[in-house]
Amino acid sequence: MKLNTIDYLAPDSAERFVESLRETGFGVLSNHPIQKQLVEDIYKEWYSFFQSEQKHDFLFKAETHDGFFPASISETAKGNNVKDIKEYYHVYPWGRIPDSLKANILAYYEHANALASELLSWIEQYTPPEVAVKYTIPLPDMIAQSQQTLLRILHYPPMQGDEEMGAIRAAAHEDINLITLLPAANEPGLQVKTQSGEWIDVPSDFGSIIINIGDMLQEASGGYFPSTSHRVINPEGADKTKSRISLPLFLHPNPEVVLSERYTANSYLMERLRELGVI
């Protein structure tokens, strides 16, 4: 089994994209509206930032969770006991961002949010009626002007050879949010677990964008759309000496959005953050 890249501009792109999400929890789009140059500029700017001491001036705040998260306090995926090999920065439009990095990252945040809204309308359009009735409001409306949507700039440093046994760049996990948008990173490594338990590579052609289902959409669709496990494996050979920058945008509904009879977006998020030991 392999994940195929779908041409955003093709007449049947919406239907094929939603079919891919239903089958694998993932969809990959080429020829989408987010400019390659903008993504490339962001990779370069933030790579320099992660190499600098300036990052320590923006250390995250426990109350707001914006800012820089050093490798020493990186996440441990649910069910794992070894930290991921990464550092990252949390961008919210209302949060702290270095002045020199603001223009491009906020432009990207806006463009990616607009694309996400369109893709959610595709998902709704091709959701079977008996599943769509479960959505308490239209899917794009769930994220409209949300202050919770998180852009994470990840830096996976070069491998040093002294990594903790069993540690990988991002251990197998599912995302909490509705959907996640991720421009194909500057290095391969992202894999998704199929229903048969096999790990397959997600296409990493620069210029494509990767979308995956999060737990909240799985909840809102009564399990119709699967939130699939994915990971970032460690590079091999010459690639070990390279950093990897990644730009996932986690689309979160507004807190009061009702996902199901059991959860609002806020109650779901709080439950998961407690499980992860973040709050």
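How many salt bridges does the structure hold by the distance rule applied here? The count comes to six salt bridges. The model examined is a predicted one, and the account below begins with the overall architecture before turning to individual side-chain pairs.

The protein contains seven helices and 13 strands. Of its 279 residues, 52% are buried. Among contacts with a separation of 6 or more, residues 24 or more positions apart account for 76%. The protein exposes about 12800 Å², and carbon and sulfur atoms supply 49% of this area.

Side chains of opposite charge can pair when their charged atoms come close. One of the salt bridges joins Asp 215 and Arg 272, with the closest N and O atoms 2.1 Å apart. Arg 272 lies in helix 7 and Asp 215 in helix 6 (residues 215-220), so this pair ties together parts that are 57 residues apart in sequence. Both Arg 272 and Asp 215 are buried, and for Arg 272 the relative accessible area is 7%.

Arg 272 also meets the side chain of Glu 275 in a salt bridge, at 3.3 Å from N to O. Here both partners, Glu 275 and Arg 272, belong to helix 7, where they are three residues apart, about one turn of the helix. Glu 275 is partly exposed, with a relative accessible area of 41%. Through these contacts Asp 215, Arg 272 and Glu 275 are linked in a network of salt bridges.

A further salt bridge is formed by the side chains of Asp 66 and Arg 96, again described by the N to O distance, which is 3.3 Å. Asp 66 is located in the loop between helix 2 (36-51) and strand 3 (67-69), and Arg 96 in the loop between strand 4 (87-91) and helix 3 (102-125), so the pair ties together parts that are 30 residues apart in sequence. Asp 66 is buried, its relative accessible area being 3%. Arg 96, with a relative accessible area of 23%, is partly exposed; the cut-off that applies here is that buried means under 20%.

Aromatic side chains form another set of pairs. A pair of aromatic rings is described by the distance of the centres and the angle of the planes. The structure holds 16 aromatic pairs. In one of them, Phe 50 and Phe 68, the ring centres are 6.2 Å apart and the planes stand at 50 degrees, so the pair is tilted.

Arg 152 lies over the face of Tyr 88, at 4.2 Å from the ring centre. The ring of Trp 199 has the charged end of Arg 231 over it, 4.0 Å from its centre.

On the surface, a nonpolar patch is formed by Leu 276, Val 278 and Ile 279, which together have about 220 Å² of accessible area. Ile 279 lies in the segment after helix 7 (265-275), the helix that holds Glu 275 and Arg 272.

Technical notes:
Residues numbered from 1 in each chain as written. Predicted model: local features only at pLDDT ≥ 70, side-chain atom pairs only at ≥ 80, totals over all residues. Heavy atoms only, no water. Patch = residues over 30% accessible without salt bridge, like charges linked within 9 Å, V, L, I, M, F, W, Y side chains within 5 Å. Areas by Shrake-Rupley, 256 points an atom, 1.4 Å probe, with all protein chains shown as cover. Salt bridge = Lys/Arg side-chain N within 4 Å of Asp/Glu carboxyl O. Helix = DSSP H or I, 4+ residues; strand = E, 2+ residues; numbered from the N terminus. Buried < 20%, exposed > 50% of the residue type's maximum accessible area, 1.4 Å probe, protein only. Contact = heavy atoms within 4.5 Å. Phe/Tyr/Trp six-rings, centres within 6.5 Å; stacked < 30°, edge-to-face > 60°. Lys NZ or Arg CZ within 6 Å of the ring centre and 35° of its normal.
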